[in-house]
Amino acid sequence: MTGHSSATAHASTVLSRAGVGWGLLGVAAFSFTLPFTRIAIGGMSPLFIGSARAVVAAALAGVALLLTRQPRPTARQWLRLAVVAGGVVAGFPLLTSFALTTAPASHAAVVVGLLPAATAVAVVLRTGERPPRSFWVFAALGAVAAIGFATMQSGGLGSLHGADLLLFGAVLAAAVGYAEGGLLARELGSWQTIAWALVLSAPLMAVLAASTAAVQPPHATPEEWLAFGYLSVVSMFLGFIAWYRGLAIGPMAQVSQIQLVQPVMGIAWAALLLHETIGLPTVLGGLAVIACAALAVRTRLGGSARRTLRPRA
């Protein structure tokens, strides 16, 4: 009996490590998104980047769905997929692309660091959970820290730039998309959820990309096209496969917290790839946002209303 328990514990540990490994791979893939968006903007309009990358990813997703003969979603699931598509396929990419025309990638990484806490709030509101009061306190502190950082970087109290508002909108859009996607993943499967969302949004994104290219044709260097290729193939599709795969293996509570390292990685890539100067305010702002997000996520997961979402692999 002891041997059986030991074997079970070992298998659980192996699965846990696999889940964390896949989750970390997904987060690492996402961490390049803001720096590479900043690079691609040099030769393409933000509207083209945000829409065309979704078209490329949708083509890959469509092929994957056909080859694996996935069952089609129900009418109600299509409606929920529209929420996912609006948040993570259209909302976040388009809003961050426009924001990064003026905001440094390191600055954006700090503001987007609010995403784990925002996602936790979206999940709570969507599922009707009742976490401890401390969850709301830490989530609010995280929002205050992010707004305070953005305000100070913009020149003082009451001087938020338009880019900051776009970034906060991107966080809200992604949080809603992640929350609904996490719930749908239990029904449709992990990678299938983002694949169907991409396919659903493809017609609109194709029209936007074509019309934008006609008015403002891209004049990108090979480096900028490579950055766009990464955003299309990895950030928009392959990264989601790894991320949702990690959540599917679980434990979801542990894997989901890996997202807290994404702002740190994003700031590092901004310094290495874009040679942005990372000053003390950026470091302190990033630490404050990450700390509040971590406390909010941990408080929710440790509360009595804790609910485990285990998507189908």
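Modeller: Let's start with Glu180 and Arg80, whose side chains meet in a salt bridge with N to O at 2.7 Å. By salt bridge I mean a side-chain nitrogen of Lys or Arg within 4 Å of a carboxyl oxygen of Asp or Glu. Glu180 sits in helix α8 (residues 162-188) and Arg80 in helix α4 (residues 75-99), so this pair links distant parts of the chain, 100 residues apart. The helices here are DSSP runs (H or I, at least four residues), numbered from the N terminus.

Before going on, a word on the ground rules. This is a predicted model, so local features need pLDDT of at least 70 and side-chain atom pairs count only at pLDDT 80 or more, while totals for chains, interfaces and linings use all residues. Residues are numbered from 1 along each chain as its sequence is written, and side-chain values use heavy atoms, with hydrogens and water left out.

Back to Arg80, which has another partner: its side chain also meets that of Glu187 in a salt bridge, 2.9 Å from N to O.

Because Glu180 lies in helix α8 and Arg126 in helix α6 (residues 115-127), the pair ties together parts that are 54 residues apart in sequence.

Put together, salt bridges that share partners join Arg80, Arg126, Glu180 and Glu187 into one network. The count of salt bridges comes to three.

How open are these side chains? I call a residue buried under 20% relative accessible area, exposed over 50%, and partly exposed in between (1.4 Å probe, protein chains only). Glu180 is buried, with a relative accessible area of 7%, and Arg80 counts as buried at 12%. Glu187, on the other hand, is partly exposed at 38%, and Arg126 is partly exposed as well, at 37%.

One more residue is worth a look while we're in helix α6: Thr119 is found there. At 13% relative accessibility, Thr119 counts as buried. Leaving aside neighbours within four places in sequence, Thr119 is in contact (heavy atoms within 4.5 Å) with Ala175, Tyr178 and Ala179.

Definitions and conventions: Helix = DSSP H or I, 4+ residues; strand = E, 2+ residues; numbered from the N terminus.
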